[in-house]
Amino acid sequence: MIIQNLHKKNRRKIKEARRNFFLSLFFFLFYFLSLKAQDSIPPSEDVSESDNIEFQENFFKALSNKAIFNYQKAIENLEKCNELDPNNKSVLFELSKNYVKLGRNNEALEYIKAAVEIDNENIWLLEHQVHILRKIAAFDEAIEVQEKIAHKYPKKKRLLVFLHLQNRDIPSAKEVLFELKKSKLLNARLRLIQEKLEETRSTKKTIKKEENTIASTDLKANFEKEKSFNNLKLLLNKLSSNNDDDLLKYSEQGLALFPAQPLVYFMNGKALNNKNQFKKAIQSLQNGIDFVIDNNEIEAKFYLEIARAYKGLNNPEKVKTYKKKAAKVLK
């Protein structure tokens with residue numbers, strides 16, 4: 001009997017030792033992977049020893065639930081973490097990301113601001129804050145945060161071009177483009193945007209010269225009389241539905257007149273695809289997708305049009321990739 005009890009105690013100790021070993025191994029691996037992840041911050045270890053395992057288990061469950069799109073459950077796990085270790089920047093960051101997934105941007109903004117107050121130099125936190133500010137069209141604030149990021153990471157200044165354009169501040173966008181060019185930080189996408197902005201004045205002059213020579217539909221006539229985005233939108237949609245060759249011409253004009261409107265990039269990409277100019281179509285569509293904010297349907301249309309361009313280039317792998325992206329954003 002004594003021997004049996006000793007065996008039971010030994011088995012219990014062995015099981016407990018194994019459990020502790022695997023828990024330690026698991027948390028070590030989890031911590032290591034968190035360090036490697038670009039959009040994650042390793043959780044703090046400031047919680048008391050008695051609460052540490054419960055904190056880690058809930059934090060891991062939150063990540064697991066987010067991975068399977070169960071964002072509300074992930075938030076519940078993270079709230080438990082917040083009770084165990086209040087004002088933990090990792091928890092606040094994850095709470096913000098899950099609220100974004102649920103479309104609750106105001107709550108997401110509150111949590112990321114709280115995290116930034118704790119660590120106002122953290123690049124991941126600041127970039128996430130800009131992401132939310134763009135979603136709610138708070139461009140002035142987004143620009144302020146992005147300027148802080150760009151001060152430390154000069155290449156990040158590129159996003160300021162898009163933010164200024166979305167804020168309808170073309171002079172500031174041109175100024176940033178000039179600074180980027182001077183620093184040799186312009187990429188192909190920004191060079192194209194710079195060209196379009198420089199073409200704006202000459203395009204307006206050309207349009208005026210053409211006004212008296214165009215014999216077209218009422219929509220074209222309306223656009224010629226008033227170069228408003230609303231008139232252009234109606235015209236482009238009509239030309240697109242009719243597969244009209246003039247879609248390319250008017251979308252090109254739209255790029256110069258309204259360089260922050262995703263619709264004109266989409267229509268331009270579609271027109272270029274229609275004319276088998278697939279590489280140019282991809283470039284235009286990739287430029288335009290940066291202006292799509294919180295609209296999954298439009299984003300999916302961009303991906304499908306890019307897939308169409310890659311189909312024309314006989315690149316089935318890219319076709320598959322962009323079709324998957326379209327399906328993912330529509331989930």
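Visitor: Over which residues does pLDDT stay under 50, with 12 contacts in the model beyond four places in sequence?

Guide: This is a predicted model, in which local features need pLDDT of at least 70 and side-chain atom pairs count only at pLDDT 80 or more, while totals for chains, interfaces and linings use all residues. Residues are numbered from 1 along each chain as its sequence is written, and side-chain values use heavy atoms, with hydrogens and water left out. The stretch you ask about is residues 206–216, where pLDDT stays under 50; pLDDT is the predictor's confidence in each residue, from 0 to 100, and a contact means heavy atoms within 4.5 Å.

Visitor: What is the average pLDDT of the chain, and which element has the lowest mean?

Guide: The chain averages a pLDDT of 83, and 79% of the residues score at least 70. Helix α1 (residues 2–36) has the lowest mean among the elements, 47, whereas helix α5 (residues 105–118) has the highest, 96. Helices (H or I, at least four residues) and strands (E, at least two) are DSSP runs, numbered from the N terminus.

Visitor: Why does N287 count as buried?

Guide: Buried means under 20% relative accessible area, exposed over 50%, and partly exposed in between, with a 1.4 Å probe and protein chains only. N287 has 0% relative accessibility, and therefore counts as buried. This residue lies in helix α15 (residues 278–289) and touches F162, R189, L192 and Y265, not counting residues up to four places away in sequence.

Visitor: What makes the link between the side chains of N287 and R189 a polar contact?

Guide: A polar contact is a pair of N or O atoms within 3.5 Å; within protein, one must be able to donate a hydrogen and the other to accept it, and residues adjacent in sequence count only if both atoms are side-chain atoms. The contact joining the side chains of N287 and R189 is 3.4 Å, which is within that limit of 3.5 Å.

Visitor: How do you know that the buried residues of α11 line one face of the helix?

Guide: In helix α11 (residues 218–225), K220, F223 and E224 are buried. Seen down the axis of α11, these buried residues fall within an arc of 100°, so they line one face of the helix; the arc is that of the directions from the helix axis to the C-beta atoms. On the other side of α11, D218 and K225 are exposed.
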